[in-house]
Amino acid sequence: MSRATLLVLADGRFPAGGHAHSGGAEAAVAAGRIKDAADLAEFCRGRLHTSGLVAAALAAAAALGVDPLLLDEAADARTPSAALRTAARKLGRQMMRAARATWPSAELDALAAVRPKGAHQPVVLGLAARSAGLGPEDAAYVAAYEAVSGPASAVVRLLSLDPFDATGVLARLAPELDRVAADAGAAARRVPDEGVDALPASSAPLLDIGAEAHAAWAVRLFAS
Amino acid sequence: MHLDHSDPHSHSHDGPAAVSADAVRPDGRRRALRIGLGGPVGSGKTATVAALCRALRDELSLAVVTNDIYTREDAAFLLREAVLPPERITAVETGACPHTAIRDDISANLEAVEDLEDEVGPLDLVLVESGGDNLTATFSRGLVDAQLFVIDVAGGDDIPRKGGPGVTTADLLVVNKTDLAPYVGSDLQRMARDAKEQRAELPVVFQSLRSEEGVSEVAAWVRQRLADWTAA
């Protein structure tokens, strides 16, 4: 695999729609749960070990070659909030467009044809990684990192937080990102034998509740 | 044109969506012309979109995509004014970065355009209105085929002189609210001179939507772009 390819996919400027989403941070800021960099660190840690781990494992499994439609159903089952399912499919559709333009493949075309309005973003991300010649752990890394980098950059905009503090939060989470990516990759490698039930299903109820409330706001900066 | 909705081509959704700015849709039909409207907050982008809809809706099949910064205000205004049926107006959310959604990461806007073509098409024209931004915001060529930049006389008559990508490179520069010039001390001749200097042969329109001519000059420019697009 090419290490530089991983950088292209993981770049926050990769044009796949992520900039319009806060990963639940906007709802958490409004609820008073994120007020400073320390709160942001705790929020990111929680998200990383719950929905971040699930996304990383889904992405790893897709990169491994597991049937993306099975993974899409598994993602639905692991996403109790309807608002988050909608956001995940929207982002999946945007990731699909960027991936097909960047690393065209028959597998991406086939998934785009059966899910024209979008499959869950981590599944598309994993398939994009596969099309780019990356492995399951690479895909897991990208998904896990997105789970925390999205909220961090959103909070810089929402709270006018010092951007150096926000980046410091991400840097200090690096060892945990390593662990989550490894766990996700290991879970994905069990799927061929044990089926998608081998994938983690951890959840964060406050993220789900916050997402449902946020989707009903009339005025908001971020789409989710 | 596509006002008659009994189009002989059936809607086919078998193929995957287009990847980029392809001129042909997956079902083989040529897609609608896309025109972007950018410019600073309050310069009259939404009012110009509304006026264009009123001027063109009887001759063209059209739809609008708005990019609000943090609300659905612009889409709501167009709905309230009933310039088009509601199913022809879509709002894109931009995550506090309206210029990103029209330039650096255009996927949400491309999807909004494609969904409009799928759901209410065939369309001749899609107007994509940016969220009010600064003088550097321009549309990606992957999203729109032509763009106009709307400034107004009350924003300061030195804006054409200051230039910036919007003023300098837009396919059409619209200087709006000329009726206010005497009240805010803006020198229209100076604005025209400066614009000419910045833009060379690129066209400039001075308009007041309150005058009798209203949006007609801009509408004529849009018709010409559409004629060129159809002939291409």
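This is a guided tour of a predicted model, stop by stop, through chain A and then chain B.

Local features need pLDDT of at least 70, side-chain atom pairs count only at pLDDT 80 or more, and totals for chains, interfaces and linings use all residues; side-chain values use heavy atoms, with hydrogens and water left out. Residues are numbered from 1 along each chain as its sequence is written, while chains are lettered from A and ligands numbered from 1 in the order in which they are written.

**Chain A: an aromatic pair**

Select Phe14(A) and Trp103(A). Their rings form a stacked pair, 5.7 Å centre to centre, with 15 degrees between the planes. The rule takes rings of Phe, Tyr and Trp (its six-membered ring) with centres within 6.5 Å; planes under 30 degrees apart are stacked, over 60 edge-to-face, and the rest tilted. Over all chains, the count by this rule is one aromatic pair.

What does the pair tie together? Phe14(A) sits in the loop between helix 1 (3–10) and helix 2 (25–30) of chain A, and Trp103(A) in the loop between helix 5 (82–102) and helix 6 (106–114) of chain A, so the pair links parts that are 89 residues apart in sequence. Helices (H or I, at least four residues) and strands (E, at least two) are DSSP runs, numbered from the N terminus. Phe14(A) and Trp103(A) are both buried. Buried means under 20% relative accessible area, exposed over 50%, and partly exposed in between (1.4 Å probe, protein chains only).

Stay in the loop between helix 5 and helix 6 of chain A and pick Pro104(A). Is Pro104(A) buried or exposed? Pro104(A) counts as exposed, at 62% relative accessibility.

**Chain A: two helices crossing**

Select residues 37–64 and 163–172 of chain A. These are helix 3 and helix 9, packed at an angle of about 35 degrees with axes 10 Å apart. Axes are lines fitted to C-alpha atoms, for helices over the stretch in contact, and angles run from 0 to 180 degrees between N-to-C directions. The crossing of helix 3 and helix 9 of chain A is right-handed. A crossing is right-handed if the near helix is turned clockwise from the far one by less than a right angle, and left-handed if anticlockwise.

Show the side chains. Ala37(A), Leu40(A) and Ala41(A) of helix 3 meet Asp165(A), Ala166(A) and Val169(A) of helix 9. Contact means heavy atoms within 4.5 Å. The residues of this contact are five nonpolar, no polar and one charged. Ala, Val, Leu, Ile, Met, Phe, Trp, Tyr, Cys and Pro count as nonpolar, Asp, Glu, Lys and Arg as charged, and the others, Gly among them, as polar.

**Chain A: a buried leucine**

Go to Leu71(A), in helix 4 (residues 68–77) of chain A. Leu71(A) is buried, with a relative accessible area of 0%. Which residues does Leu71(A) contact, leaving aside neighbours within four places in sequence? They are Leu58(A), Ala61(A), Ala62(A), Val66(A), Val123(A), Val196(A) and Leu199(A).

Switch to chain B and select residues 45–56 and 73–80. Helix 1 and helix 2 of chain B pack at about 35 degrees, their axes 10 Å apart. This crossing is right-handed. Thr46(B), Val49(B) and Ala50(B) in helix 1 meet Asp74(B), Phe77(B) and Leu78(B) in helix 2. By class, the contact has four nonpolar, one polar and one charged residues.

**Chain B: backbone stops**

Most residues other than glycine have a negative phi, and most peptide bonds are trans. The next stops are exceptions to look at.

- Select Gly121(B) and Pro122(B): the peptide bond between them is cis, with omega near 5 degrees. Pro122(B) lies in the loop between helix 4 (107–120) and strand 4 (125–129) of chain B.
- Select Lys177(B), where phi is positive at about 65 degrees. Lys177(B) lies between strand 6 (172–176) and helix 7 (181–184) of chain B, in the loop. Lys177(B) is partly exposed, at 25% relative accessibility.
- Select Ala200(B), with a positive phi near 50 degrees. Ala200(B) is in the loop between helix 8 (188–199) and strand 7 (204–206) of chain B. Its relative accessible area is 44%, partly exposed.
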